[in-house]
Amino acid sequence: MLILDEPTFGQDRNTWVSMAQLIADLRDQGACIILVTHDRELVQALDARLVEMTPPGAQKAVWPVSESDLQARQKTVAARLTVTPMDQRDEPVKPASRSPYIASINPAFRLIGAFLAALPLLISLDPVSATTALILEFLMLGAAGFTPLRVVRSTWPIFLGAPGSALAIILYGKSGGATFWQWGMIHITQRSLDLALATALRILAIGIPAIITVLGIDATDLADAFSQVLHLPDRFVYGGLAGMRLFTVLKDDWSALTASRRSRGLGDENRFKAFMPQAFALLVLSIRRSTTLATAMEARGFGGSTPRTHARVSQIRPRDAGFLLICLAVPAISLTLAALTGSIAFFGN
């Protein structure tokens, strides 16, 4: 028995013809050949029996063999082999969030929810809407399993950046009302203080849900959601995922390049002078690695036109829609309350 996995993808035309002829000759000699391929031209050239794998819920394919014959063959194979069902994994599940509820939400919906919770607040610049949003966020995150201390620890860059932005507005923001201190370009007034407070609160109200909702998402699960839920192109999605995975090897590549240059007596005299040539070498190495990645993806059928199946099924549940409604409710309630109290001010005014 000869089992071949994508034997023709990534090959030039002459090699394709030679491979097809070789497979046909072996078959004619009595060899049992199992071919896994997205190349329909190869299947037609070999006049082979075609069995299409159909994902759950999809329309069933038209079989060139009879349904009864296929079921009999499947029962025979099932009696001999134990096949892992789709979407079943033996490795331990990585925690996608410290909150079991947030971890159960589809990764694509978590990302969309982060935008829904944050983007509407960008149009306002007032303390009422930002304070209301912060209170609602802490209450909802508390119900989801996040303590206030855990929220601060998970989003500490926001709590460092918000005071810095507020200080810059206090010193150099729009002036108006009572003047508290003035020196050169620095002009601290009542209006600059109000704007600084509103800005700091708004940064917190936008940053906290944006970080908490996406924190811990597995890149592979997110790519599966982009492909299956949002229906983005597989080549783009999984190429980006592979590119993200390759970022982890850049440090090792840099160390290898440094050792290689030092073995040749280069780079020891001036590290700053040696930085640019080594950075260029790393760029060349990255391009070569990306070329290899593109060839590997082509060999796995990403250049084919047939629908792809997925080892991990990205599911949508009613709780995902509920999560989006919760995320949208926070800015909606906050902006409505600010409008009712007359304190709302739109960005730029």
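1. Most residues other than glycine have a negative phi. Is H231 buried or exposed? H231 counts as exposed, because its relative accessibility is 63% and the cut-off for exposed is over 50%.

2. E6, another positive phi. E6 is not a glycine either, yet has a positive phi of about 50°. E6 lies in the loop between β1 (2-5) and α1 (13-28). Here the relative accessibility is 7%, so E6 counts as buried. H231, by contrast, counts as exposed.

3. Helix α10. This helix covers residues 219-228, and seven of its ten residues are buried, so α10 is largely enclosed by the rest of the structure. Which residues of α10 are buried? They are T220, L222, A223, D224, A225, S227 and Q228. The list includes D224 and Q228 as well as L222. These buried residues pack against two helices, α5 and α11 (234-246).

4. Confidence. The mean pLDDT of the protein is 80, and 83% of residues reach 70 or more. Helix α5 (residues 107-118) has the highest confidence, at a mean of 92. The lowest is in helix α3 (residues 67-80), at 56. Residues 54-63 need care: their pLDDT is below 50. The model still gives this stretch eleven contacts beyond near neighbours in sequence. Where pLDDT is low, the predicted coordinates should not be read in detail.

5. Overall make-up. The protein has 14 helices and four strands. Of its 349 residues, 32% count as buried. Take the contacts with a separation of 6 or more: 72% of them are between residues 24 or more positions apart.

6. The largest nonpolar core. This core has 23 residues. Which of them touch the most other members? L121, L134, L141, F146, L204, I208 and I212 do. Four helices each supply at least two residues: α6 (127-143), α8 (156-172), α9 (190-214) and α14. Helix α9 gives the largest share, eight residues.

7. L141 as a way into that core. L141 is one of the residues that touch the most other core members. Leaving aside neighbours within four places in sequence, L141 is in contact with I102, F146, V151, I208 and I212.

8. Aromatic pairs. How many aromatic pairs are there? The count is two. In one, the ring centres of Y101 and F323 are 6.4 Å apart and the planes meet at 55°, so the pair is tilted. This pair links distant parts of the chain: Y101 is in helix α4 (residues 100-103), F323 is in helix α14 (residues 318-341), and 222 residues separate them. Y101 is partly exposed, at 31% relative accessible area. F323 is buried, at 5%.

9. The W254 and F275 pair. These two rings also form a tilted pair, 5.6 Å centre to centre with 50° between the planes. W254 belongs to helix α12 (residues 250-263) and F275 to helix α13 (residues 271-299), 21 residues apart. W254 is partly exposed, with a relative accessible area of 28%. F275 is partly exposed as well, at 45%.

10. A charge over a ring. R13 lies over the face of W16, 4.4 Å from the ring centre.

11. C327. Where is C327? C327 lies in helix α14, the helix that also holds F323. With a relative accessible area of 7%, C327 is buried. Not counting residues up to four places away in sequence, C327 touches G113, L116 and A117. R110 is 217 residues from C327 in sequence, but the two are 9.4 Å apart in space, C-alpha to C-alpha.

Terms used. Residues are numbered from 1 along each chain as its sequence is written. This is a predicted model: local features need pLDDT of at least 70, side-chain atom pairs count only at pLDDT 80 or more; totals for chains, interfaces and linings use all residues. Side-chain values use heavy atoms; hydrogens and water are left out. pLDDT is the predictor's confidence in each residue, from 0 to 100. Contact means heavy atoms within 4.5 Å. Rings of Phe, Tyr and Trp (its six-membered ring) pair if their centres lie within 6.5 Å; planes under 30 degrees apart count as stacked, over 60 as edge-to-face and the rest as tilted. Buried means under 20% relative accessible area, exposed over 50%, partly exposed in between (1.4 Å probe, protein chains only). A charge sits over a ring if NZ of Lys or CZ of Arg is within 6 Å of the ring centre and within 35 degrees of the ring normal. A nonpolar core is a set of buried Ala, Val, Leu, Ile, Met, Phe, Trp, Tyr and Cys residues joined through side-chain atoms within 4.5 Å.
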